Amino acid sequence: DFVYLDPPDFQGPDSREFVRYTSAGFGAQTHYDLLNWMATSASDGIRVLMSNSSTREIIHHSDALGLRTDKVMRHRRMAASTLSRGPVEEVLIANY
């Protein structure tokens, strides 16, 4: 099996980005839970790939779990402000 995850970008405590997709929001713990699930899914034969913002927290937690991380550049086309559009670094995280 293969699963691709594209959660809302990880946001630091000072971020003003929108992440309230549910009443509970989509905070750091939810991201950590997904990364933990990715790590345990490998032993079940489930290959998982996640894209996320390239932050110290996400990369550190992924590395600590033995997940592979690769930084990539992409062009942000959607943003509340046109000044926020343009090249942005993301990270691809894989358990394989």
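Author: Let us begin with one ring. The charged end of R47 is placed over the ring of Y96, at 4.3 Å from the ring centre. R68 also lies over the face of Y96, and here the distance to the ring centre is 5.7 Å. Please bear in mind that this is a predicted model.

Y96 also has an aromatic partner. The structure contains two aromatic pairs. In one of them, the ring centres of F2 and Y96 are 6.4 Å apart and the ring planes meet at 65°; because planes over 60 degrees apart count as edge-to-face, this pair is given that name. The pair joins distant parts of the chain: F2 belongs to strand 1, residues 2–5, whereas Y96 is in the segment that follows strand 4 (86–94), and 94 residues separate the two.

How accessible are these two residues? F2 has a relative accessible area of 47% and is therefore partly exposed. Y96, at 37% relative accessibility, is likewise partly exposed.

The other pair is formed by F10 and Y32, whose ring centres are 6.0 Å apart; with their planes at 35°, the rings are classed as tilted. F10 is located in the loop between strand 1 and helix 1 (28–41), and Y32 is in helix 1, so this pair ties together parts that lie 22 residues apart in sequence. With a relative accessible area of 5%, F10 is buried, because the limit for that term is under 20%.

Technical notes
Residues are numbered from 1 along each chain as its sequence is written. This is a predicted model: local features need pLDDT of at least 70, side-chain atom pairs count only at pLDDT 80 or more; totals for chains, interfaces and linings use all residues. Side-chain values use heavy atoms; hydrogens and water are left out. Rings of Phe, Tyr and Trp (its six-membered ring) pair if their centres lie within 6.5 Å; planes under 30 degrees apart count as stacked, over 60 as edge-to-face and the rest as tilted. Helices (H or I, at least four residues) and strands (E, at least two) are DSSP runs, numbered from the N terminus. Buried means under 20% relative accessible area, exposed over 50%, partly exposed in between (1.4 Å probe, protein chains only). A charge sits over a ring if NZ of Lys or CZ of Arg is within 6 Å of the ring centre and within 35 degrees of the ring normal.
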